[in-house]
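Hello,

Here is the structure I promised to pass on. Please keep it open while you read my notes.

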Amino acid sequence: MERIREFKLNPEKELKRNLCVRHEEKLLLFCKEDRKVICWLCERSQEHHGHHTYLVEEVVKECQEKLQAALERLRKEQQKAEKLEADIREERTSWKYQIQTERQRIWTEFNQLRSILDSEEQRELQKLEEEEKRILDSLAEAEVELAQQNQLVKELISDLEHRRKWSTVDLLQDMSGIMKWSEIWTLKKPKTVSKRLKSVFHAPDLSTMLRMCRELTHVQCYWVDITLNPINLNLNLVLSEDQRQVMSVPIWPVKYTNYGILGSQYFSSGKHYWEIDVSKKTAWILGVYCRTRFRNIKFGVRQGTVHRNVYSRYRPQCGYWVIGLQNKFEYKAFEESSTSHPMVLTISMAVPPHRVGVFLDYDAGIVSFFNVTNHGSLIYKFSKCCFSQIAYPYFNPWNCPGPIILCPPCS
């Protein structure tokens, strides 16, 4: 608007701007080499001889088109930049919230740990106070009893010393029986009190517990969502609708046919972790199965009969890297063996696991089992596993009621 006003006020000035300074001709041409607007006389001069010249209208139109295209492209880039900036702001806010949430979770969990430690301290002190009261009361009772006996002895001694002054006749005619009583009386010793405390407190190794928690947290980063494979499901197994629970049911007259069930997912590389709830089980077998060249060898049970060792098939030679529970309290690991029977190792368990974590490192040939119930303590580890083919999660609810339950990630 300012330029229009200036043109209206100074038409002569604007007209002079469109004339060649040297020839006072209209500037109608554009010299590409010199990038100057020239007149037709300039074009014919020696200065612009052989140069490429174009009509100003054509060059202006082309420039405007290029300018428009550049503007549109830059506006798009600006929109992208603004969107990226908004995304970064949103991501920054999200990270702040996530970190603050994690910080709050850490505070909360450590406060819970402190609360547990405080309550355990109070419980141990209460036990000590109860034991102190019991021991001191017992010692006080013994002290009173000894004081009474001491008083009685003093009285007997005094009485006997008094009789020493009696005449011979009086002493011989004494019928009180005190002499006989003095001869048979013995000191009654109080009950012996142990000089050691009945229970001595030992603080748990928190560093070991934290190390186990960190190891469990590390493997849980590889948690995969596992479901059970209904294909070739044995008749004595019942699968839930969501394919996360399996349980064993008796089939008459077959005594035992349970060969377990595989996971729907399989692995040929990488690290993978899953958890199983076995809180309602008194027997189970869990781990990893991989087909081997021994897969056609029939170890174990035939339909309607019980093999003398039903665990014969569960060993690495037959493609099973598993651990199990039998008879409610007996935890076993099934290792390699040179015979047709596995090497069954007994596993000591301080806290019975209600949840078991299984970690598979296919490339490193490792299968590890964790007691999630006991701060993620390691139950057993198979090293140098030879996986020749794809590996499957393996689950066997065994011949006891109650389901094996697959836990969803981070549950």
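Predicted model: local features only at pLDDT ≥ 70, side-chain atom pairs only at ≥ 80, totals over all residues.

Numbering starts from 1 along each chain as its sequence is written, and side-chain values use heavy atoms, without hydrogens and water.

Helices (H or I, at least four residues) and strands (E, at least two) are DSSP runs, numbered from the N terminus.

**Helix α7**
In α7, M212, L216 and V219 are buried (under 20% relative accessible area; exposed is over 50%, partly exposed in between; 1.4 Å probe, protein chains only). They cover an arc of only 65 degrees around the axis, so they sit on the same side of α7. The arc is that of the directions from the helix axis to the C-beta atoms. Residues three or four places apart point the same way because an α-helix has 3.6 residues a turn.

**The sheet**
Six strands form an open antiparallel sheet, in the order β6-β15-β8-β9-β10-β11. Strands β6 (261-262) and β11 (343-347) are at the edges with a single partner strand each, so one side of each has no neighbour in the sheet. Pairing needs at least two DSSP bridges. Strands β8 (284-290) and β15 (391-396) pair over six bridges. There, C290 stands opposite A391.

**Two loop residues**
Most residues other than glycine have a negative phi. K384, between β14 and β15, has phi near 55 degrees. W398, between β15 and β16, has phi near 60 degrees. K384 is exposed, at 75% relative accessibility. W398 is buried, at 7%.

Best wishes
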